[in-house]
Amino acid sequence: MTKATLILDDGSIFEGTSFGAEKDVAGEVVFNTAMTGYPESLTDPSYAGQLMALTYPLVGNYGVPPFSIEKNGIPGFMESAKIHADAIIVSDYSEDFSHWNAVESLGDWLKREGVPGITGIDTRALTKKLREHGVMMGKLIIGEVEEGKQPAAGNYEEINYVDRVSCKEVLTYGESQGEAKKRVVLVDCGVKANIIRCLLKRNVTVIRVPWNYDFNGMDYDGLFISNGPGDPDTCDAAVQNIRKALQGDKPICGICMGNQLLAKAGGATIYKLKYGHRSHNQPVRMVGTEKCFVTSQNHGYAVDNDTLGDDWEPLFINMNDGTNEGIRHKTKPFFSAQFHPEACSGPTDTEFIFDRFVALL
Amino acid sequence: MREDIKKVLILGSGALKIGEAGEFDYSGSQALKAIKEEGIHTVLINPNIATVQTSEGVADTVYFLPVTPFFVEKVIEKERPEGILLAFGGQTALNCGVALYQSGVLEKYNVRVLGTPVQAIMDTEDRELFVRKLDEIDVKTIKSEAVENLADARRAARELGYPVIIRAAYALGGLGSGFCDNEEELDVLVEKAFSFSPQVLVEKSLKGWKEVEYEVVRDRFDNCITVCNMENFDPLGIHTGESIVIAPSQTLSNTDYHKLRELAIRIIRHIGIVGECNVQYAYDPESEDYRVIEVNARLSRSSALASKATGYPLAFVAAKLGLGYGLFDLKNSVTKTTSAFFEPALDYVVCKIPRWDLGKFHGVARELGSSMKSVGEVMAIGRTFEEAIQKGLRMIGQGMHGFVENKELVIPDIDKALHEPTDSRIFVISKAFRSGYTVDQIHDLTKIDKWFLRKLYGIIQTANALESQDTLREIPDDLFRHAKRQGFSDYQIARAVFKEDMEDGEKAILQVRQERKYRGILPVVKQIDTLAAEYPAQTNYLYLTYSGTENDVDYVGDHRSIVVLGSGAYRIGSSVEFDWCGVQALNTIRKEGWRSVMINYNPETVSTDYDMCDRLYFDELTFERVMDILELENPHGVIVSTGGQIPNNLAMRMDEQHVNILGTSAKSIDNAEDREKFSAMLDRIGVDQPRWKELSTMEDINSFVDEVGFPVLVRPSYVLSGAAMNVCSNQEELERFLQLAANVSKKHPVVVSQFIEHAKEVEMDAVADKGEIVMYAISEHIEFAGVHSGDATIQFPAQKLYVETVRRIKRISKQIAKELNISGPFNIQYLAKGNEIKVIECNLRASRSFPFVSKVLKINFIELATRIMLGLPVEKPSKNEFDLDYVGIKASQFSFNRLQKADPVLGVDMASTGEVGCIGDDLSEAVLKSMLSVGLRIPEKNVLLSTGTPKQKVAMLDAVRMLAAKGYNIFATGGTHRFLEENGIASTQVYWPSEKDKEPQALAMLHAKKIDMVVNIPRDLSAGELNNGYKIRRAAIDLNIPLITNARLASAFIEAFCTLSIDDIQIKSWQEYK
């Protein structure tokens, strides 16, 4: 067993053993309280630049499903084409796995993809530290810790992760000859595959464009802005494009980063949460109703409710901390959610968001 | 927000029985708390007097009456509540509520059902309605057919194809259900099922599929959450109450998990639950195919477990939702800041393991199946699966130390034992691994998921590694730590390393402890906080683990806390009564300004509710773990006398470690527990006791028996099979018992005691302060000695004791209290014959009857005892039992109907699973209430009698005369018939099963439902053989016909219902008895 050490920026050290690729990494250390869904989370592009600690201690139990690509070019079981998280941090990794759909262990997968993993550390102590101090940068060192040979932990906020994970060219899904389908432009800030699946399931054509692509001249019926990693303030190009779209009346929907970019386009500001929401159990309430939803979330930034312009209002509010969970335009068909209605992983209660969007087209 | 309601009636579940146990005290208590804080007047009907929910200050008005439509209607008529809660008293309350709804009683008195509407309950309870309802939303159920006769059952089974499962509709916990592989087995099961219900369900069996449960909550605004999911270690085919259960699920992927979650929510929305329910699934291990097994539209054993597993108070929330709140109105009761509308995130794993007591029953079938036999359960918490399951296996308290390093099991056929699971299957798996079986082989035989098996195999590998070491010092640090993270106890490590050389286990544990501490290998304390540390918790719900480096709580070391040791798993002989005692101790400690700390691991209890104390350690009650906690907690002292025998047994060892044991000293406890020492003390102070001797050869036994004469009571120290003790009436019985049940040797001696027949048994429950009795209660058994005190029917105050007897008992008790310098609760059992008094047993702790006498007398014995143990001054209460104008009866609840093949006969070993306590203006009224509360019915017209020995026949003569005078038709077997004839009482003779050619046959009459009550008194108290009497008794149980097997109890019951009719029973609340 190879030793592995997690060193946080504040100097705290957690020692465990390595179970993934033997490679040192640095990044923002975040915790996720979901109890299932490590294949989905690891391939979620929103985790780019982050070392993901799972609070649920037993990880790896059901192995990893095959990395298949469906006919339409979308992965069968994963959320993107590769692991995006920079590392995974767990308490009790299980090399033994058992599931009819598993083809390899989590450790083997991490090794294949060159991503390190550490097990055997007190993830609860780590989580409490992050909760009290806020997320911080950290390094994962495999093997003996040697001064001077460690990867440099950069500044998470300064890096445009969206640019790293977005598609580089326009891709089209669900186009079929002779059928007149509604056309949805999907701004890819690091889109999860299940957003595309959810749209396709509702019989629309999806035109996936790079994050900074100016789609305003395209022929489309609705605009969808995806999730994505990092600081929304690094995505000004996307905000400018969306702002143009706001002049029109075509329906716009956003998820996660999409919520933040839409809010910014509408004039609101964004701030960084102390330790973010990364879990399957975030309660949100639809403003002005008695409707509540358990949602899957993964975000470190939030829209400042107080800065929403006169044309906008909160659509959902987090029932735990009162933060913004979605916005809507008071008159036009523009709305967005900070949580993940596409789930994958997590609860599926809010998939109706896609129905609402498609109904507006 | 809530509905406008001022008075609410809540139905309890009655006596603890298999399938319906302490979990409903927990859920009912929480519901009452939730309703009371709204300022609503609460009325509770529950005859279970030992519960916390029937204690002062919990409900406003309490009725110790049967939870049956008849009595509930009477209470409604009197109390006129506006609302009724049906979901908190198990199947008993639910069935009663449905009956009241259907008969129009609820409508007549304008009582609203709060929470889930009755129609929704009926939709889930009636199998056909249920399937139809789920078909409407395309949710798959197990294909089954409801039939109303045997022919249809056979046809249905042929069409579905064997194996099939048979279930009785509307029956709790799988009563009257089972698997059948062919028509022969089907015939037997179907008949039995029809005796419980007019409708029987034949279903296709899905043996081998995974079994997964979700606990779901919905408010009236249609907001839904799933609080917890749980996966059974044992695949489908074993009742979930008999399964080892893990939460959260371990082998489900995100897709699996959320597919079932989404279905669960869709189902409860469609059914219209308001409150809580659980959905049970069968899940294909090879695809995403599923079937819904059932939906329980009420709080259940699983919901109690889920509450404890997650920290989410399901019953409390369900009660609030019943009052009309939305989930968004309520706060998470752990963080106090976040919303109750959320789904807990666990950062640990819990493991529930059932506790069986099948060894207590003669002839019982040990195979596990689709109906429940376990009497209790434990929940273990860890940060690895191995840690949780090894802790759990120790917690069940059957002498096991974990998955490995146990006493060698003798398994003649491992394949069979794996394939046909019994109560010891988990240990068979251990044995199989040690015998060279592979994970694949065991999987093929058990269908247990390979993930679980591989984890268990990992424990075996660690054991092997430890066993290759010869000294503790040699164990590498990594291995030592790894073993502790896998839940190895110090004892297991000692045994693995020292092997055959280990003589003194207790000493070895201390050696390992020392070595471990020297190396700095220590457990850490973690908090259960519902959100996996995302938000800070305001409560102290704790467990210990070796997977961690940091404690979640601070230790101030101010010695201002008092630790109360709990009572562990419910089992025969230790149940909700000790939970009551523990809770009273905690309440008193808090009230007196100390911090209260509880250690216990039973998910069915109120004492493990995190708001009952300042710190709850949901962990083991082993010496190792208790010392771990005490060393961290550094309390003022420890209370060992309110949790039954488990804490009592730790007293001496803790004392040796200089733990401050509050109240009676450990040395005194030892002097009472140690037979030799206690006996010597009695001799010294001139107190009589039945003669006894510890003997190790047959010759010595025979010569002792020659001295004292038969019958004798024989207690082996090492039991092979069957009951642990027995009464032997003659040489043949003695020899047979010793051969069958025990190995007599120097190493395993037996204790033989003189057995005094036809003696009264009297209990003294008391509290003393520095050797002086402060308060006492003397109660009297209805049955003569020979029936275990836990099974006996007890009257308090004593009704038929001589004044002189009482005087002597008081005097002897005083002497003993002084001699042992008792400070705290104690109990002494006496035999009284004439005015001769003998001491049978003395326990320097609270006894089973403490809640009963406390509530009848309305003086809280435990509060008094706790104050004494805290060193506070107490005044002798001015009231005593001789001032009471009413009588209390404590009666036992048996669960023989669950225990296939067991002989339903009472003896010196305890067999009851629960009890009730009822109060009446006179003895007959109290007897009648209590007998009806434990499920007996007043017979309509036909009674079958076989009344045993001549002495017993005489004892019952007056009662039988009353039956005859009352116009009952008496049917009697040969001897009894002749005896009645001689005494001028008319009866119809019926024949034993052995009298084959004669008519009418007793058994046939039972099967034809022609008998309303059976009194069958066994001739002697020896081991029940497969004889005539057994067949009659067993048939009565299987056909759900009231059965009494004791002459004195039968007489009391008959006298009660012959002098009083059910309408004469007064509907008086506990508060009205003054």
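This is a short tour of a predicted model, stop by stop. Local features are given at pLDDT of at least 70 and side-chain atom pairs at pLDDT 80 or more, while totals for chains, interfaces and linings use all residues. Residues are numbered from 1 along each chain as its sequence is written, with chains lettered from A and ligands numbered from 1 in the order in which they are written.

**Stop 1: chain B as a whole**

Select chain B. Its C-alpha atoms fill a box of roughly 80 × 70 × 60 Å along the principal axes. Colour by secondary structure and you have 35 helices and 38 strands. These are DSSP runs numbered from the N terminus: helices are H or I with at least four residues, strands are E with at least two. Of the 1074 residues, 61% count as buried. Buried means 20 or more other C-beta atoms within 10 Å of the residue's own; exposed means 12 or fewer; partly exposed lies in between; C-beta atoms are placed from the backbone.

**Stop 2: helix H11**

Select B:314-322, helix H11. Is this helix enclosed or open? It is largely enclosed by the rest of the structure, because 9 of its 9 residues are buried. The buried residues include B:Phe316, B:Lys320 and B:Gly322. Now show what covers them: among the elements are helix H1 (23-36), strand S13 (275-283) and helix H10 (301-310) of chain B. Just after H11(B), B:Gly324 takes a positive phi of about 110 degrees.

**Stop 3: a six-stranded sheet**

Next, find the open sheet of 6 strands in chain B, ordered S17-S18-S21-S20-S19-S22 with mixed pairing. Strands pair if DSSP finds at least two bridges between them. The edges are S17 (524-527) and S22 (637-639) of chain B, each pairing on one side only. The twist averages 30 degrees from one strand to the next. Zoom in on S17(B) and S18 (541-545) of chain B: they pair in the antiparallel sense over 4 bridges. There, B:Val524 stands opposite B:Thr545. Helix H21 (623-633) of chain B packs on this sheet. Follow H21(B) into the loop between H21 and S22 of chain B to reach B:Asn634. B:Asn634 has a positive phi of about 50 degrees although it is not a glycine.

**Stop 4: two cis prolines**

Most residues other than glycine have a negative phi, and most peptide bonds are trans. Select B:Tyr162 and B:Pro163: their peptide bond is cis, with omega near 0 degrees. B:Pro163 lies in the loop between helix H7 (150-160) and strand S7 (164-168) of chain B. Then go to B:Glu999 and B:Pro1000, also joined by a cis peptide bond, with omega about -5 degrees. B:Pro1000 is in the loop between strand S36 (988-989) and helix H33 (1002-1007) of chain B.

**Stop 5: the contact with chain A**

Show both chains. 46 residues of chain B are in contact with 39 residues of chain A (contact: C-beta atoms, placed from the backbone, within 7 Å). On the chain B side, the elements giving two or more residues are helix H9 (254-271) and helix H16 (450-467). H9(B) gives the largest share, 5 residues.

Technical notes:
Two residues are in contact if their C-beta atoms, placed from the backbone, lie within 7 Å. Axes are lines fitted to C-alpha atoms, for helices over the stretch in contact, and angles run from 0 to 180 degrees between N-to-C directions.
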